[in-house]
Amino acid sequence: MEALQISPSRITSPRLTENSIFNSFGGVRQVGFASLLTRNIKNQSFCANKTRSYNKGGFITRSSSSAQDKEVEDGLLLDTQRDISGSVIGFHLIPHSVSETQGNDANGGVQLSEEIGTSDKASTRTVHNVVFVTSEAAPYSKTGGLGDVCGSLPIALAARGHRVMVVSPRYLRGNPSDKQFSNAVELEERAKIYCFGAEQEVGFFHEYRAGVDWVFVDHPSYHRPGTPYGDTFGAFGDNQFRFTLLCHAACEAPLVLPLGGFNYGEKCLFLANDWHAGLVPVLLAAKYRPYGVYKDARSLVVIHNLAHQGVDPAVTYSNFGLPQGWYKALEWVFPTWARTHALDPGEAVNVLKSAIVTADRIVTVSQGYSWEITTPEGGYGLNELLSSRKIVISGITNGIDGNEWDPSTDEHLPCHYSVHDLSAKVQCKIALQKELGLPVRSDCPLIGFIGRLDYQKGVDIILTGIPELLQDDVQFVMLGSGEKQYEDWMRQLEEVYKDKFRGWVGFNVPISHRITAGCDILVMPSRFEPCGLNQLYAMRYGTIPVVHSTGGLRDTVQTFDPYAKEGSGEGTGWAFSPLSKESLLATLRIAVGTYKEHKPSWEGLMKRGMERDSSWDKAATQYEQVFEWAFIDPPYAG
């Protein structure tokens, strides 16, 4: 890898200045984890500040100016991108300087630096052509945290100078949600993909928003009611086909789509999110690199939830459009106890496993989860493979949208407050009690839960403990949908404890904001939680989280210690373990006691949580560090 280095500077002019020679550059070729060769080089580059705008006809225009032999003092460097014939097909932003540190934690995984600057967006760094491949991206499509990440992280990276594309299906459900795609314009370019024994043709729609190229793959298989993955009858039977198309189309998009007048080209960094995009690293290695395409590209697989791996019968391997010699990358054999009958060989293909094998780096959505997936309890059968690659695994905690989740401006709240003035939070609590029909008592601790009603979220622990908890002077509200047994259980509890319990079956965004602001305590007894967002929202709103000590919950919630820092206290909530009804109740009672009897300590908890930096800009700086590590070694070649 060639990395150019120059002293830092700041963009101050939109001029495009061509420089014939930079004598001060040092080119460094790095192999493995050490710099093995240093030499001086000359390079023809550009210093530029690029602008993109739309004229009245809807076409993208770019403006720049140039001057020969002028000393560069400010700006980014642009290096020309050429095809195999030598023709210029675009430009690539080159770093002024790169400063990176990499260390290993005690478990052998990669420890990211928490001291990277996050506020100076104009500071010089290596910039990349980044391509996110995802099954959902908010606000266009969303079922959970994956949609939030792929709707926010690309914008944060684009704000830091990267050229970013997000490739996702164009879901049309025949309902008002289709309006989310109304600003996307159909492109002339189409891609023909060979998979599932035939040639498939897909189209592309494009919207440029918030500095990001949002590209939507269009195909009839994405046009149906339901969620991106299924409907009321279960998961769609053709999901393997739908997401195989997505992966092939995502690999073609940087090559064929002239977004903003220039293709992204071959030197891209692909971020494949979960199993739905897991074929991307395999396709780069098996379909493109043998023919000299994407030889300088790199790929990251981002694991949001290892429980979903894209496993199908082994006979479906031919559907992927891969060479026969790559079967081993996807091969998966179920252990004996997991097979359906005595004669079942247990042979299958596992898409996420193939991504873990072939990706250049592996990222999880929290540091704790990056360790948990290497254990038998959290690895879902992939723990040994992940342990063998733990040197390239990094954990980066998700951020939250500070504009959407801000108690001082939230449009869903009846009153606004901030870390500097908490007086209106009690008004939000009173308004919530009135809305839900609970007795209005500002002094009564109000405990909340927001999430899916299923086994993973520990809902059974909550519901079995509520009869005992409600013997105390507390109120409890739950919002969520999921398994019918838990929904019915919530309804029954509401009938029994009419003055203390409310259960809202379903999901409602305004209500979720008002519960987050109005409650005093938010409980999250998840059995496993790769990252978790509700605890971050709660702390942002001055609501104290009580969580099971697992995954991202353990990383983000620091247990309260009233004696730390010479009695001023530290911590933002409580993390309990083991996961049991008794442990949950004991921790909740400690929190309730602190709320009632130690108001100064409680206010300190609230303020520390509200001051915590959970921005996407912080996460983006850590992703940039992983990007640099990805380009140190050669790409996977099989």
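Two strands count as paired if DSSP finds at least two bridges between them, and strands (E, at least two residues) and helices (H or I, at least four) are DSSP runs numbered from the N terminus. This is a predicted model, in which local features need pLDDT of at least 70, side-chain atom pairs count only at pLDDT 80 or more, and totals for chains, interfaces and linings use all residues. Residues are numbered from 1 along each chain as its sequence is written, and side-chain values use heavy atoms, leaving out hydrogens and water.

**View A. Strands S27 and S28 side by side.** Here S27 (residues 475-480) runs parallel to S28, joined to it by 5 bridges. Look for Met478, whose bridge partner in S28 is Gly503. Together with helix H10 (residues 484-496), S27 and S28 make a right-handed β-α-β unit: with the strands pointing away from the viewer, the path from the first strand over the helix to the second runs clockwise.

**View B. The whole open sheet.** Its 6 strands follow the order S28-S27-S26-S29-S30-S31, with parallel pairing. S28 (501-505) and S31 (574-576) each have a single partner strand, so one side of each lacks a neighbour in the sheet. Neighbouring strands are turned by 20° against each other on average, direction ignored; axes are lines fitted to C-alpha atoms, for helices over the stretch in contact, and angles run from 0 to 180 degrees between N-to-C directions.

**View C. Strands S26 and S29, with a helix packed on the sheet.** S26 (residues 446-450) and S29 (residues 521-524) run parallel, joined by 2 bridges. Ile447 stands opposite Ile521 in S29. Helix H14 (residues 581-597) touches S26, S29, S30 (544-548) and S31, and its direction makes about 165° with that of S31. Contact means heavy atoms within 4.5 Å.
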